[in-house]
Amino acid sequence: MKWYKERMWTDCWAGLDNKKKKGKDIVEAVKDLSVVDNAADIERTAKTNKNVDVIKEFAAGNAKKESNFVVVGHVDAGKSTLMGRLLYDLKVVDERTIQKFKSESEKIGKASFQYAWVLDQTEEERARGVTMDIAQNSFETDKAKFTILDAPGHRDFIPNMIAGSSQADFAVLVIDSSTGAFEAGFHLQGQTKEHTLLVRSIGIQRIIVAVNKLDSVSWAEERFEEIRQQMTVFLTSAGFHAKNISFVPCSGLTGENVVTPLKPSKAPWYKGSSLITELENSSPLARAIDKPLRLTVADVFRGGIQNPVSISGRIDSGTLQVGDVLLALPSGEKTAVKAIEINNDPRPWAVAGHNCTIHLAGIDMLHLKQGDVLSSVSNPIPVVKEFTAKVLAFQTITPMAVDIHRGRLHVPGKITHLVRTLDKATGEEVKKKPRFIGPGTAAQVKVSLEQGVPLERGGRVVFRFGGVTVGSGVVE
Ligand SMILES: Nc1nc2c(ncn2[C@@H]2O[C@H](COP(=O)(O)OP(=O)(O)OP(=O)(O)O)[C@@H](O)[C@H]2O)c(=O)[nH]1
């Protein structure tokens with residue numbers, strides 16, 4: 001398909017100028033306009049492909065381990081404060097900035113928010129043109145590089161949390177250990193349980209539980225143990241393996257055991273590591289580098305005059321390099337990779353697990369939106385309007401209208417058939433055609449969507465209705 005870029009206007013005036021000189025009329029001048037041809041643009045960009053053996057280069061490189069983690073937890077658990085503190089102690093944020101936030105937050109009666117504002121500040125600074133709802137920050141230590149995805153705790157923002165989690169390798173669950181607060185987040189319609197079930201159902205297997213605000217209970221071992229025991233029971237029942245769960249006592253506000261290890265005099269009972277060490281020890285899962293390319297678009301924006309169409313997102317599987325030709329789905333338009341950036345660094349290639357910005361050639365912005373998938377041309381992701389999924393019900397499920405979330409994408413649809421309920425342990429059929437699926441029950445259901453969505457076997461989906469998560473599942 002052909003389309004006109006800004007360049008057209010430059011060409012237009014140049015064309016008119018020439019025609020005036022030669023004494024031709026405006027109609028002829030307009031006929032001579034150069035039109036940017038997407039196919040030509042793709043061909044030109046594809047010629048820059050150096051045909052790097054990305055898998056080999058990646059394996060050979062001794063690049064630092066890179067991972068993305070999502071920070072979840074009940075509202076006010078101290079997620080932003082904890083991450084702000086982490087960035088401050090790692091010197092990603094300087095003393096002057098913290099002092100400025102301290103005096104500003106005191107002025108509006110929100111003293112102690114200076115660390116939380118670190119994340120808000122960087123969010124504002126991001127000049128993307130499209131609002132990002134999940135604060136992203138990057139940092140590195142001697143051992144590893146990280147991207148933090150700070151998801152809002154409030155229940156109204158759960159779709160954003162689903163989106164953030166779908167880009168993460170592991171999760172940090174922040175728990176407010178102060179008196180009564182853990183109980184409020186855990187027992188009474190709090191988000192601790194919902195967030196945890198969601199991150200697990202989205203495919204996250206590793207979770208670090210930051211038992212936060214322990215300063216407010218004088219670093220009491222009993223409180224830490226009480227939370228650890230209750231959470232272990234819950235997390236293992238939610239499907240986390242005990243070896244993938246760790247608990248770290250800490251205080252985001254005072255910074256104890258965040259980057260600086262806890263002084264033995266403070267909590268002689270604790271022999272484990274600080275939060276940063278736990279993060280460094282959390283290896284990303286084995287990545288599907290040798291599978292066909294799938295990159296879920298998190299954001300579409302204009303990356304400048306040279307880069308009218310840019311996207312950011314995580315590579316779910318496969319590899320890509322500058323000059324690669326890709327297929328955008330569901331639009332079915334082709335595009336070519338002009339440039340790749342990871343944390344603002346230009347890179348010749350990227351692999352599964354990387355969160356990157358891609359500047360694209362030969363595609364109109366109209367053909368890309370959040371939740372779309374950039375896919376390998378030879379092995380594209382199917383676009384489906386119906387699918388079967390194995391689900392775990394959080395609430396009672398009947399044949400019903402639902403919003404189907406897949407990462408950042410959410411589309412209206414319907415659970416059309418309850419095929420059978422399943423034994424959670426063996427996966428075997430328990431009951432055919434049940435009338436409803438009770439909370440905590442596993443089942444196979446058929447789903448139809450109002451529009452085609454890029455989705456394939458193994459894809460994770462979440463079903464919501466009326467602002468409540470009713471279940472989650474895996475596409476069969
Ligand atoms: N005593 C104590 N208070 C803390 C600690 N961490 C955070 N707080 C306070 O708890 C309140 C909430 O902190 P935030 O960091 O905004 O919490 P949040 O989880 O990011 O909140 P949402 O993003 O709204 O879900 C603020 O008043 C913080 O100062 C801590 O380690 N100890």
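The model is predicted, so local features need pLDDT of at least 70 and side-chain atom pairs count only at pLDDT 80 or more, while totals for chains, interfaces and linings use all residues. Residues are numbered from 1 along each chain as its sequence is written, and side-chain values use heavy atoms, with hydrogens and water left out.

A cavity here is a set of points, on a 1 Å grid over the protein atoms alone, where a 1.4 Å probe fits but cannot get out; lining residues have an atom within 4 Å of a point. Grid points are joined across faces, edges and corners, and a volume is the space filled by probe spheres set on the points.

The largest cavity holds about 90 Å³ of space. Its lining consists of Glu66, Ser67, Asn68, Lys145, Phe146, Thr147, Ile342, Asn343, Gly353, His354 and Asn355. Two or more of these residues come from each of β3 (65-72) and β5 (144-150); strands are DSSP runs (E, at least two residues), numbered from the N terminus. By class, 2 lining residues are nonpolar, 7 polar and 2 charged. Nonpolar covers Ala, Val, Leu, Ile, Met, Phe, Trp, Tyr, Cys and Pro, charged covers Asp, Glu, Lys and Arg, and the others, Gly among them, are polar. The largest cavity lies between domain 1 (1-47 + 288-381) and domain 2 (65-280), because both give residues to its lining. The domain bounds come from an automatic or database domain assignment.

The second largest cavity has a volume of about 40 Å³. Ile404, His405, Arg406, Leu409, Val411, Leu449, Val453, Leu455 and Val461 line this cavity. The elements that give two or more residues to the lining are β19 (400-406), β20 (409-422) and β22 (442-454), and the largest share, 3 residues, is from β19. This lining has 7 nonpolar residues, 1 polar and 1 charged.

What surrounds β19? Of its 7 residues, 5 are buried, so β19 is largely enclosed by the rest of the structure; buried means under 20% relative accessible area with a 1.4 Å probe, protein chains only. Strand β19 runs antiparallel to β20, joined by 7 bridges, and strands pair if DSSP finds at least two bridges between them. Met400 stands opposite Ile415 in β20. The two strands, β19 and β20, form a hairpin with 2 residues between them, and Gly407 in the turn has a positive phi of about 60 degrees. Strand β19 also pairs with β23 (residues 460-465) in the antiparallel sense, over 3 bridges. There, Ile404 has Phe463 of β23 as its bridge partner.

Terms used:
On a 1 Å grid over the protein atoms alone, a cavity is a set of points where a 1.4 Å probe fits but cannot get out, and a pocket is an open set with protein on both sides within 12 Å along at least five of seven lines; lining residues have an atom within 4 Å of a point. Helices (H or I, at least four residues) and strands (E, at least two) are DSSP runs, numbered from the N terminus. Buried means under 20% relative accessible area, exposed over 50%, partly exposed in between (1.4 Å probe, protein chains only).
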